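Me: Can you walk me through the aromatic side chains in this one? I'll paste it here.

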Amino acid sequence: MHSGSKSVGIESGALEGSIASATRGLLGYRQPDGHWVFELEADCTIPAEYVLLRHYLGEPRDAGLEAKIANYLRRVQGAHGGWALVHDGDFEMSASVKAYFALKMIGDSVDAPHMVRAREAIRSRGGAIHSNVFTRFMLSMFGVLTWRSVPVLPVEIMLLPMWSPFHLNKISYWARTTIVPLMVLAALKPRAKNVSGVGIDELFLQKPHSIGMTAKAPHQSPGWFYLFRGLDAILRTIEPLFPKKLRARAIDAAVAFVEERLNGEDGLGAIYPPMANTVMMYEVLGKPADYPPRAITRRGIDKLLVIGEHEAYCQPCVSPVWDTALTCHALIEAGSEAALSPAKAGLDWLKPKQVLDLKGDWAVKRPEVRPGGWAFQYNNAHYPDLDDTAVVVMAMDRARRASRDPEYDVAIARGREWIEGMQSTDGGWAAFDVDNLEYYLNNIPFSDHGALLDPPTEDVTARCVSMLAQLGETMETSKAVAAGVDYLRRTQLAEGSWYGRWGLNYIYGTWSVLCALNAAGVDHQDPTIRKAVNWLLSIQNADGGWGEDAVSYRLDYRGFEGAPTTASQTAWALLALMAAGEVGHPAVARGVEYLIATQTEKGLWDEQRYTATGFPRVFYLRYHGYPKFFPLWALARYRNLRNTNSKAVGVGM
């Protein structure tokens, strides 16, 4: 079915030219050793926290770097006067308080127009009392607030048995690595050096030192919240009475936990918040700046900086394994000699990154499973993740099919074995852990962000099903695939979409699941697939592309939240429709036309909007690689399907 002569026009030179140009553009970003790593940008909080960390530690001022970070912070200030979590997003209190504090610390005058606007935006919304728990911890260490404003986090938690209601292994990896050094800080209550003595009392409508605990967050249930609030009050009273020896033992246990997972310059958990907390932990324990674990972690934080000519910011982490694996998929799909040999070099770079000898925290729940996963960052052996592992294995399998070379056989087999061993009891898969279903913990006062857990999700489950199916498993031959497909059928929303936990949002989830259902052999006429296709067609933008706003994560979800078209979300929608057998649909031709029309002279796509998710409602990500590899993947897939008779996607994603 052609939508007139235009789509026939797509078929020929324009499509080939677009694919060749995108391939060249992508290859231009290759690192000398054959891998790819693109910038990973979050909101203003990480660069603001980086500035505040330097002043907390009393480090020598780097005026040049601070000026560049200030330029970045001023540029991303919103029209509302505050700062948002995404491009063009709504005002967000904690981000605004941190950005204002950092700019004031760098030396911006409180009378400067942008500072006046920020202060008015914060005060008109009730003031900085509405900051979240993490922000309050930071403000307590700077002496702006008192420690009464944050939940009690007794470091003795380190000594609790596994059967206790709160245990480190019952929360997600990112919460675990963040909280352990933070508990030492909460026990010892350090004060920032803050040589310049900057404070932000003017952002409060009341005396900051009078402020008590946080209010209940919208996602928290009143019964659970007030139970935990009561426990908090009891702990506050008895904490000073805890035996000194017990406290010393607990602090030793926390330090031992951190040191086992320090990871060299990649840092604890290889993400910014635990790394910053680790440096501050060593500081309060009296370890000097040149104490090796402290010094190495501090160097690792500087490796997260992106420093340009006029601006600088700090990344929350780096994404080389994810970027390289997805780039390899796009290049394998492009299929030219110019694309295939760099893809092979990328896979060869990935191969030794597989974690084969270390059992990370995941093994607490699955002690009998052998390791075999890949982490997201350069090195993070304690925390491999299932999404990366599935995507790497599928790319290696595609290369193996083409070359019939057994060199990736062992890597693929071990990756598959690990993923099969990591399936949760409900049939789904989570990102880092198994059966992390202690939902009541999202009601503790500390969890005002609601992102304490790592339960199974639709997108990661889809990726694992895709991988097993691509390796030849079916619903008939594999219990894991059958249970995974059941999980995906169960989690489809009434309107036909699926939730996207790690990408924004229902477009990402629906793309992930349609790829999996197709790979698992679900008939394209199955009502589940038809509903999803109809939903995707119904949300296409007038320009032929697709876009979705971060607001769609709101707790009171009322349906799809449209947004201006982005290249990455358009590519996901196209890949989803093609996986469902719709390569000939006019909507697909219009999406392809949109991508060709918006391609830049460098062969890539411009994308300011955030299309990925760290934590829904709390933390979003802009992968600078997404508009570089996903559109190429979609265009090449379109060409390949148009040129074959089968019209069916024969791979997992």
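Reply: Quick definition to start: a charge sits over a ring if NZ of Lys or CZ of Arg is within 6 Å of the ring centre and within 35 degrees of the ring normal. This is a predicted model, where local features need pLDDT of at least 70, side-chain atom pairs count only at pLDDT 80 or more, and totals for chains, interfaces and linings use all residues. Residues are numbered from 1 along each chain as its sequence is written, and side-chain values use heavy atoms, leaving out hydrogens and water.

Me: OK, which ring does the charged end of Lys628 sit over?
Reply: The ring of Tyr29, with the charged end 5.0 Å from its centre. Lys287 does this with Tyr291, also at 5.0 Å from the ring centre.

Me: And how many aromatic pairs are there?
Reply: The count is 32. Rings of Phe, Tyr and Trp (its six-membered ring) pair if their centres lie within 6.5 Å; planes under 30 degrees apart are stacked, over 60 edge-to-face, the rest tilted.

Me: Why is the Trp511 and Trp572 pair stacked?
Reply: Because the ring centres are 5.9 Å apart and the planes are at 10°. Both Trp511 and Trp572 are buried (under 20% relative accessible area; exposed is over 50%, partly exposed in between, with a 1.4 Å probe and protein chains only).

Me: What about Trp535 and Phe560?
Reply: That pair is edge-to-face, 5.7 Å centre to centre with 85° between the planes. Trp535 is buried at 6% relative accessible area, while Phe560 is partly exposed at 22%.

Me: Back to Tyr29: which aromatic cluster is it in?
Reply: One whose members include Tyr29, Phe38, Trp511, Trp572 and Trp633.
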